[in-house]
Amino acid sequence: NEETQVKRADDGALIWILLSLYPIEFDGQKAVLAWAHDINERKAAETELRVNEQRLQNFADASADWFWETDAENRFTYISDGFERATGFTPESQYGRDRLRLLRPAASTPNDFEVLRKLEAREAVRDHTYRYSIQGRDPMWIRSSALPIHDGHGNFAGYRGSTANITAEIEARQHLQSIADRYLSAIDSMSDGVALWDADDRLVVCNQRFRELSGDTGNIIRSGVIFEETVRATAAAGSFAASGDTLEAEIQERLAAHGNLPSEMEVRRLHRILNIREQSTADGGIISIVIDMTAQRQFEEQLHQAQKMEAVGQLTGGLAHDFNNLLAVISGNLELLDSRAKGDVNLTRFIERGLAAAERGAQLTNRLLTFSRRQPVVAQTTTLDRLIVGMQDLVQRTLGGTIQIKTRTGTSPWPCRVDVSQLENSILNLAINARDAM
């Protein structure tokens, strides 16, 4: 028997035949009986099979992954050359080794044990990722998939699978996670609120300070929530100072600023004044920074008030000095008149009244000078009832005629050692504050 190619008679094409020759004798004559079988289709199928096998082998050899096969006892019967490129060991060194015995020591997670259960039950396994240790080499992360195979009678014959070295991918992912953890730790330590929204306006991440400044008391602000939902939810929880139509107007103003970047706005919330700055990111998201301005605004108000009081004090001090000079002239002239009016009882009485009025004016200027902080602090013993009664005229003139003043003091108050001018100044300030409040 011999396989050979011959030309077909009708078209001259080369075809494969199986030529069988048999020696025979006929009527005393020796001859050869030739029998030709057309095997052209079989040879074409064999050629195609060899090409497919070579193609698969080329894929296996060129792939960064490695392909393998086990028998029904889970022993390796084939491993592609990619295994040697990834591990440094030849495929032949693994033939006959039990794959399950390699997996069991590495099992540490519920998913690992679930994979072992599937393999023992002869089920398919997809994308099993685990840490693989090889003697003499650093541990590596690998990802494997396996499908059970069966013989022509349907009996389990083993597994065919593929495995990839994903150590670089896992280490890169761990590095990125480490960076993300450091970033989250950094923003959590900030005194300002920080939040990042994606291109769909959903929250990606925020720090605890952002939740506090937003008035989140019920875990409203969480990853995945839409920005408008957070605004309306915190408003419904009572974080906004306004209500009714004014509240809805504030919500719309906040949403408009969020949609028109970059933006900066100062808003009043319950017990807080917030400065909100927002900027778009390169991927179409938004980063929000919320700064608590409450203490700063209070300080600015106090500074403004102090500056006003300083200006009033400077004006008051100048007027008091000028008034003192006038009183000195009046008192001096009245004293000269008094020295010349000896014996005139009526004239003396008028002069004494004028001197008493000048003295009260001098006391008033002393209080004004104390208010302007141009007088040194001097402590002395006094009783508060006398001090209060003595201030009634000053307070009345300061507050104006539209304010009615009633004075009530104790019957026998204890004496106090105090700077009278400073205490009078404090009482006068309280009275002015009370007038402004009315």
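This is a predicted model: local features need pLDDT of at least 70, side-chain atom pairs count only at pLDDT 80 or more; totals for chains, interfaces and linings use all residues.
**Briefing: sheets, cores and a helix face**

Just after helix H4, Arg122 takes a positive phi of about 60°.

**Helix H4 and its buried side**
- H4 spans residues 110–120, and its buried residues include Asp112, Val115, Leu116 and Leu119.
- These four lie on the same side of H4, because they cover an arc of only 100° around the axis.
- The background is simple geometry: an α-helix has 3.6 residues a turn, so residues three or four places apart point the same way.
- Among the elements that cover the buried residues of H4 are helix H3 (99–103), strand E6 (125–132) and strand E8 (156–165).

**The open sheet E1-E2-E3**
- Three strands make up this open sheet, in the order E1-E2-E3, with antiparallel pairing.
- Its edge strands are E1 (2–7) and E3 (29–38), each of which pairs on one side only.
- On average, and with direction ignored, neighbouring strands here are turned by 45° against each other.
- Six bridges hold the antiparallel pairing of E1 with strand E2, which covers residues 14–26.

**The E11–E12 hairpin**
- Strand E11 (residues 263–269) runs antiparallel to strand E12 (residues 272–280), and seven bridges join them.
- The two strands form a hairpin with two residues between them, and His271 in the turn has a positive phi of about 65°.
- Side chains alternate along E11: Ser263, Met265, Val267 and Arg269 point to one face and are buried.
- Met265 has Ile276 in E12 as its bridge partner.

**Two nonpolar cores**
- The largest nonpolar core has 23 residues, of which Trp197, Leu203, Phe210 and Ile251 touch the most other members.
- At least two residues of this core come from each of strand E9 (193–197), strand E10 (203–206), helix H6 (208–214), helix H7 (227–236), helix H8 (244–258), E11, E12 and strand E13 (286–292).
- H8 gives the largest share of this core, with four residues.
- Leaving aside its neighbours within four places in sequence, Leu203 is in contact with Ala195, Leu196, Trp197, Ile221, Arg222, Ser223, Gly224 and Val225.
- There is also a second, separate core of 21 residues, which includes Phe83, Ala107, Val125 and Ala146.

**Two single residues to look up**
- Thr70 is found in strand E4, which covers residues 66–70.
- Thr70 counts as buried because its relative accessibility is 2%, and the cut-off for buried is under 20%.
- With its neighbours within four places in sequence left aside, Thr70 is in contact with Arg75, Phe76, Thr77, Arg99, Ile149, Ala157, Gly158 and Tyr159.
- Asn346 lies in helix H10, which covers residues 345–371.
- Asn346 has 44% relative accessibility and therefore counts as partly exposed.

Notes
Residues are numbered from 1 along each chain as its sequence is written. Side-chain values use heavy atoms; hydrogens and water are left out. Two strands pair if DSSP finds at least two bridges between them. Axes are lines fitted to C-alpha atoms, for helices over the stretch in contact, and angles run from 0 to 180 degrees between N-to-C directions. Buried means under 20% relative accessible area, exposed over 50%, partly exposed in between (1.4 Å probe, protein chains only). A nonpolar core is a set of buried Ala, Val, Leu, Ile, Met, Phe, Trp, Tyr and Cys residues joined through side-chain atoms within 4.5 Å. Contact means heavy atoms within 4.5 Å. The arc is that of the directions from the helix axis to the C-beta atoms.
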